[in-house]
Amino acid sequence: MPLVTVPLFTVTFLAVVRHAGRDDLTAYAVMAPVLIALWQLSLLDSGEIIEADRWQGVLEVVIAAPANVSTVVLGRVFAVTAVAFLAFIEVWFVARALFGVTIEFHHPGLFLLTLAASGLAMSGTAVIMAALFVLARSARTFQNSLSYPFYVLGGVLVPVSFLPDWLEPLSSVVFLSWSADLLRDSLDPAPVSGAAVRLGMVLALGTGGFVIGRLLLRRILNRVRADGTVGYA
Amino acid sequence: MRHVLRVLRHAAATGYQDYKTIYTWRTWLIGWYLRVVAQVVFFALIGELLGSRARTHELLVGAAVLLATVTSFIAVASTAWERWAGTLPLLVASPSSAVVVFAGRSVTFIGDGVVTSLGSFLAAAAIFDLPLPWPRILLVAPLTLLVAVSSYMLAIFLGGLVLRAMSTRNVVSNLATGTIMAIGGVVVPVGYYPQPVQWLANILPLTHGLEAIRDLLAGEAAAEILPNVGLEAAVGLGWLGLALLTFNHLAESGRRDGSIEFAS
């Protein structure tokens, strides 16, 4: 579903910057829908992995299998995350067909590396969500709550420098804030400073997310096993 | 008429019980309310990015009123839940009109939409120093209610359509609200788009109601505001009429091909 709404987000964001005569913000408007699709698709899938397994009565089998559950979840989320990159093709098409905008890649290597790192980081982070969704009363409600707060903290459209100073420590641990800045910079003709460190931060935060998610998942699955609620749908 | 009102009341009570399984006060405040305030802040920040406080305020109002529509549109999905629950055949077989039942069933989302919209509007107004002219500000509530109700009418019409294709319920709902967000005057004036897009925007809920709310906050005279109020009401009634004409046919169509109990 996130791929269905990508064109509408693209129209909305491009319309607002071009109506204001700020063509210099086109990179902001075209990268935001891609990051939103990446976040939504991974979140939606990670939420529904556990829910769907519970509905289908296979969660017990998944837990009983010798493979590590969090690794299985990571692999399943990553497959869906890869699909999210189709969003960029949609954005490219809508920008060109409806607004006559051609997206120029001034740092194509960095752009591709950032997309790949963001996909990995998203998948790692999604494992935390998958763990928490096991305890949530309604995964869908939880999913709904995790969208816009992270779009703001992650500077998906508006850079985090526009947020109050006291929010900056919080936004700096959201990998999206590093991804969004790097993706915008990769479309800008100016040289990109500290690209390796910033890419490293995206990967480090994604790895951190996966480690936390793995610990949480182990703990939460132990808990639902102990109280006999693994199969509750 | 008394019979219709009784059915509406019972349907609304059922819907409210459903709603209580989605949210508690705590999850509404910490989960939903935090999210919707962040949504309005997200759009208002675009104005800051553009370097215009006036645009910040326009986007803030647009995003807050949009929430009345978005929340009312949960009715598209909640209409389909009835088929999922396996109770649609019973409703269709009952002597009541299905459209009356379904119109009452999701009415909780109108109230939720108004509270969501006004709550996020006031929070974001405080964050971005939006002037709230007294006592005009009080009229924002009924106008938001009007937007929520007209949006609900379109949602009920779409709910009838998705009863035939349940798996599309969230796609239809998101496409409709996404379209309203893009072309309904939320982020840029409707006049920015080509004429055919403007025609579409003018028959969608929110477009005229939002303009009325912006005019109200800008201190315009009643003569400027009331035509848009009338147009918003007319749009809502138009979608209600369409829902009345089509809903029962769509709800009952599963009887002909034996698919009424299928949940997909």
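Student: Which residues form a nonpolar patch on the surface of chain A?

Tutor: A:Phe78, A:Leu120 and A:Leu203 form it. Together they have about 260 Å² of accessible area. Keep in mind that this is a predicted model.

Student: Where is A:Phe78 placed in chain A?

Tutor: A:Phe78 sits in helix H4, which covers residues 69–84.

Student: Why is A:Phe78 called partly exposed?

Tutor: Its relative accessible area is 37%. Buried means under 20%, and exposed means over 50%. The value for A:Phe78 lies in between, so the residue is partly exposed.

Student: Let's turn to salt bridges. How many does a search of the whole structure find?

Tutor: Nine, over all chains.

Student: What makes A:Arg18 and A:Asp23 a salt bridge?

Tutor: Their closest N and O atoms are 3.8 Å apart. The cut-off is within 4 Å, so the pair counts.

Student: How exposed are these two partners, A:Arg18 and A:Asp23?

Tutor: A:Arg18 has a relative accessible area of 24%, so it is partly exposed. A:Asp23 has 44%, so it is partly exposed as well.

Student: How do you know that A:Asp24 and A:Arg22 meet in a salt bridge?

Tutor: The N to O distance is 3.0 Å. That is within 4 Å, so the pair passes.

Student: Why is A:Asp24 called exposed, and what is A:Arg22 called?

Tutor: A:Asp24 has 52% relative accessibility. Exposed means over 50%, so A:Asp24 qualifies. A:Arg22 has 25% relative accessibility, so it counts as partly exposed.

Student: Which residue forms a salt bridge with B:Arg53?

Tutor: B:Glu48 does, with the closest N and O atoms 2.9 Å apart. B:Arg53 is partly exposed at 37% relative accessibility. B:Glu48 is partly exposed at 24%.

Student: Which residues are linked with B:Glu48 in a network of salt bridges?

Tutor: B:Arg53 and B:Asp129 are linked with B:Glu48 in that network.

Student: What makes the pair of B:Tyr192 and B:Tyr193 edge-to-face?

Tutor: Their ring centres are 5.3 Å apart, and pairing needs centres within 6.5 Å, so the rings pair. Their planes stand at 75 degrees. Over 60 counts as edge-to-face, so that is the name for this pair.

Student: Are they buried or partly exposed, B:Tyr192 and B:Tyr193?

Tutor: B:Tyr192 has 29% relative accessibility, so it counts as partly exposed. B:Tyr193 has 9%. That is under 20%, so B:Tyr193 counts as buried.

Student: Which residues do ring pairs link into a cluster?

Tutor: They are A:Phe9, A:Phe13, A:Tyr148, A:Tyr151, B:Phe42 and B:Phe43.

Student: Let's look at chain B as a whole. What does its secondary structure come to?

Tutor: Twelve helices and zero strands.

Student: How do you know that the radius of gyration of chain B agrees with a compact globule?

Tutor: With 264 residues, a compact globule would have a radius near 18 Å. Chain B has 19 Å, so the two agree. Along its principal axes, the C-alpha trace spans about 60 × 45 × 35 Å.

How values were computed: Residues are numbered from 1 along each chain as its sequence is written. Chains are lettered from A and ligands numbered from 1 in the order in which they are written. This is a predicted model: local features need pLDDT of at least 70, side-chain atom pairs count only at pLDDT 80 or more; totals for chains, interfaces and linings use all residues. Side-chain values use heavy atoms; hydrogens and water are left out. Patches are made of residues with over 30% relative accessible area and no salt bridge: like charges are joined within 9 Å, nonpolar side chains (Val, Leu, Ile, Met, Phe, Trp, Tyr) within 5 Å. Accessible areas come from the Shrake-Rupley method with a 1.4 Å probe; for residues, only the protein chains shown count as cover. A salt bridge is a side-chain nitrogen of Lys or Arg within 4 Å of a carboxyl oxygen of Asp or Glu. Helices (H or I, at least four residues) and strands (E, at least two) are DSSP runs, numbered from the N terminus. Buried means under 20% relative accessible area, exposed over 50%, partly exposed in between (1.4 Å probe, protein chains only). The radius of gyration is taken over C-alpha atoms; the globule rule is 2.2 Å times the number of residues to the power 0.38. Rings of Phe, Tyr and Trp (its six-membered ring) pair if their centres lie within 6.5 Å; planes under 30 degrees apart count as stacked, over 60 as edge-to-face and the rest as tilted.
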